[in-house]
Amino acid sequence: MYGAIRMAGKLRIVLAAAVLALVTWVSMASAQALQDSGLEAGRRAYELSDYEKAIKVLQDAVAKSPRNGEVLFLLAKSHFELRQFDAAVANAERAVAVAPENSMYHEWLGRSFGEKASKSSWFSALSLARKAQQEFETAIRLNPKNYSAFQALIEFDCAAPGIVGGGEDKAVLKIEQLAAMEEAEGHYAAGNCRRQKKDYPAAEVEFDKALVNAKSPDLIFDIGDYALKRNQPQRLLAVVEAGQQASPGDPRAKFYRAAALILQKQKPDEAEALLREYLNNAPRRTGYPRPALAHDWLGRLFENQNDRDAAAREYFTSLHADPKDKTAQEALRRLGKA
């Protein structure tokens, strides 16, 4: 009888422990599910360019799980897109603290420091620029094939003065390192460095070489941005071809093809349709032409057709999206609509 009582007591202890373990597991699973749902909801809002909503959802997720690096990283990127660089820096720093071996987190912390520096007084900018450089260096050390961090560091070295650790001599060495790993990336980096030095013929030689085997859509379409500013339709069409191969369906291809057609004064209906598609489907994000710019090009298209009223409507729409858009301001003065 005593043995049976002892056995029953042990069984109750085992059952209690099992129940406690199950409750703990369910609680943890529920917390993880809430955390994951917050991250996914934030990611959906981010992809839709609804950065205000993304921030709200992600802040709630951080309150429940303050050490989730993915949530903090996406929160930093959302603030970055709204040009809230203090908040971008703060959240990227928290992501790095949680996952110090994550190369991407360091890269975006560097980008946030860099953008903050561009909006700061010269004294603060020196310190922030140096921090940006250090974060890019750390990102590359953690992942030597983080090419976007490599490009950011080369751009820094090529543009920044020696007082903050930059220098073209340093950039050249890093370009060689990058080219040895990925030839197209090396040509782009060399072209970007020459662009910063306003050596445009040399930049174009490198950019054209980069387009031959480029794999990064962001790299390809940045060359499109260069060609756009210099009114180069043939280079824009080469960008479109390379972009479609690297990333079929990327809406930026539509934008740059439309600009090429407008520069050539060809197929105006197609150009207009492409720009309308771009405006309807492209994210409002760094690396993508701004909606105001698309309206500027629609205005230019209608000017080509001598439809001054339609052109003015597009330029006014551009100014509504970006009140500082000088292209639209100048066009409206030219049209007598300012």
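Since the model is predicted, local features are taken at pLDDT of at least 70 and side-chain atom pairs at pLDDT 80 or more, while totals for chains, interfaces and linings use all residues. Residues are numbered from 1 along each chain as its sequence is written, and side-chain values use heavy atoms, with hydrogens and water left out.

The chain turns out to have 17 helices and zero strands; both are DSSP runs numbered from the N terminus, with helices being H or I of at least four residues and strands E of at least two. Of its 338 residues, 46% are buried (buried is under 20% relative accessible area, exposed over 50%, partly exposed in between; 1.4 Å probe, protein chains only).

Helix H17 spans residues 326-334, and its buried residues are Ala328, Ala331 and Leu332. These cover an arc of only 100 degrees around the axis, so they sit on the same side of H17 (the arc is taken from the directions from the helix axis to the C-beta atoms). In general, an α-helix has 3.6 residues a turn, so residues three or four places apart point the same way. The buried residues of H17 pack against helix H15 (291-304) and helix H16 (308-321), whereas Lys326, Arg333 and Arg334 are exposed on the other side. Just after the helix comes Gly336, with a positive phi of about 75 degrees.

On the charged side of things, the structure holds 25 salt bridges (a side-chain nitrogen of Lys or Arg within 4 Å of a carboxyl oxygen of Asp or Glu). One of them pairs Glu182 with Lys215, with the closest N and O atoms 3.0 Å apart. This pair links distant parts of the chain, 33 residues apart: Glu182 is in the loop between helix H8 (168-181) and helix H9 (183-196), and Lys215 is in the loop between helix H10 (200-213) and helix H11 (217-229). Glu182 counts as buried because its relative accessibility is 17%, while Lys215, at 59%, counts as exposed.

Another salt bridge joins Asp222 to Arg195, the closest N and O atoms being 2.6 Å apart. Here too distant parts of the chain are linked, with Asp222 in helix H11 and Arg195 in helix H9, 27 residues apart. Asp222 is partly exposed at 23% relative accessibility, and Arg195 is buried at 18%. Asp199 and Arg194 also form a salt bridge, at 3.7 Å between the closest N and O atoms. Elsewhere, Glu204, Asp208, Arg230 and Arg235 are linked in a salt-bridge network.

Finally, there is one disulfide (a pair of cysteine sulfur atoms within 2.5 Å). The disulfide joins Cys158 to Cys193, S to S 1.9 Å. Cys158 lies in helix H7 (residues 147-159) and Cys193 in helix H9, so the pair ties together parts 35 residues apart in sequence. The torsion about the S-S bond is about 85 degrees, so the disulfide is right-handed. Both Cys158 and Cys193 are buried.

Technical notes
Contact = heavy atoms within 4.5 Å.
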